[in-house]
Amino acid sequence: MKHPSSRAFFAYWDKKRGSARAPDRADIDPAAVRELLGDIFVLSCEPKTGFPFRVAGTRVCALAGCDLKDQGFAALFTDASRSEIEEIATVVADETLGAIAGVTALREDGSKAHLELLLLPFNARPHTPVSLTGVLAPFDDECGALSAFTVTSWRYLHQPEKLLPRAIRKLQIARGLMVYEGLR
């Protein structure tokens, strides 16, 4: 991680998770990361709608040039990067792995801006919506509104000892009656 906001938020997230794979959403106290709130966002894990923003910091909204509440996170990215960012976000949520990515975007004058994207999962609880959090921070302070976000590099953080297939992990957290659609 290169950006100070990414390093600080990851350190806080890592402290809150303790020995768990990820902290609960309720464990994250906005007051504790007050100076980072402009760069932080929370996404709903709904791949069909492009991972809509539940909350987006003021600086993240300024980078996009609009209020991002309920807008799709994947829609910020170019067509070439959209499926890649959707896959990264899906793995972060399903496998409870953090990810860090280098991102470029176009300024209004056509020049490139460089950003760092940190995606971190929350602990999945039965009967609660799955969500993830992160930081989108530019390396330049004066970026203005950006467009055409492109993933240039990425990697997962803290590879766990043993990755379980997504279906098995979902069955491990399921309790009580389960209804499977489409089966006879």
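Helices (H or I, at least four residues) and strands (E, at least two) are taken here as DSSP runs, numbered from the N terminus. The model is predicted, so that local features need pLDDT of at least 70 and side-chain atom pairs count only at pLDDT 80 or more, whereas totals for chains, interfaces and linings use all residues. Residues are numbered from 1 along each chain as its sequence is written, and side-chain values rest on heavy atoms, with hydrogens and water left out.

**View 1. Overall chain, with 4 helices and 6 strands.** Followed along the sequence, the elements of the protein chain give the pattern α-β-β-α-α-β-β-β-β-α. Of the 184 residues, 44% are buried, where buried means under 20% relative accessible area, exposed over 50%, and partly exposed in between (1.4 Å probe, protein chains only). Among the contacts with a separation of 6 or more, 62% join residues 24 or more positions apart, a contact being heavy atoms within 4.5 Å. The accessible surface of the protein chain, by the Shrake-Rupley method with a 1.4 Å probe, comes to about 10,200 Å², and 53% of this surface belongs to carbon and sulfur atoms.

**View 2. The open sheet of 6 strands, in the order S2-S1-S5-S4-S3-S6.** The pairing in this sheet is antiparallel, two strands being paired if DSSP finds at least two bridges between them. Strand S2 (53-56) and S6 stand at the edges with a single partner strand each, so one side of each is left without a neighbour in the sheet. Neighbouring strands are turned by 20° against each other on average, direction ignored; the axes are lines fitted to C-alpha atoms, for helices over the stretch in contact, and angles run from 0 to 180 degrees between N-to-C directions. Strand S3 (residues 98-106) and strand S4 (residues 112-121) pair over 8 bridges in the antiparallel sense, and Ile 100 stands opposite Leu 118 in S4.

**View 3. Helices H1 and H3 against the strands.** Helix H1 (residues 4-17) lies across strand S1 (40-44), S3, S4, strand S5 (131-138) and S6, and runs at about 0° to S4. H3 lies across S3, S4, S5 and S6, with a direction of about 35° to S6.

**View 4. The largest nonpolar core, of 33 residues.** A nonpolar core is a set of buried Ala, Val, Leu, Ile, Met, Phe, Trp, Tyr and Cys residues joined through side-chain atoms within 4.5 Å. Phe 41, Phe 73, Phe 77, Leu 117, Leu 119 and Phe 149 touch the most other members of the largest core. S1, H2, H3, S3, S4, S5 and S6 each supply at least two residues of this core, and H3 gives the largest share, 5 residues. Apart from this core lies another, of 17 residues, among them Trp 13, Ile 28, Leu 118 and Leu 157. When neighbours within four places in sequence are left aside, the contacts of Leu 117 include Phe 41, Phe 73, Phe 77, Ile 85 and Val 135.

**View 5. Aromatic pairs, 7 in count.** Rings of Phe, Tyr and Trp (its six-membered ring) pair if their centres lie within 6.5 Å, and planes under 30 degrees apart count as stacked, over 60 as edge-to-face and the rest as tilted. The rings of Phe 77 and Phe 149 have centres 5.9 Å apart and planes at 55°, so this pair is tilted. Phe 77 lies in the loop between helix H2 (58-64) and helix H3 (79-95), and Phe 149 in strand S6 (residues 147-157), so the pair ties together parts that are 72 residues apart in sequence. Both Phe 77 and Phe 149 are buried. For Trp 154 and Tyr 156, the ring centres are 5.0 Å apart and the planes stand at 70°, so the pair is edge-to-face. Trp 154 is partly exposed at 36% relative accessibility, and Tyr 156 is partly exposed at 22%. One aromatic cluster is formed by Phe 41, Phe 53, Phe 73, Phe 77 and Phe 149.

View 6. Leaving out residues up to four places away in sequence, Ser 131 touches Arg 25, Val 42, Leu 43, Ser 44, Cys 45, Arg 54 and Phe 122.
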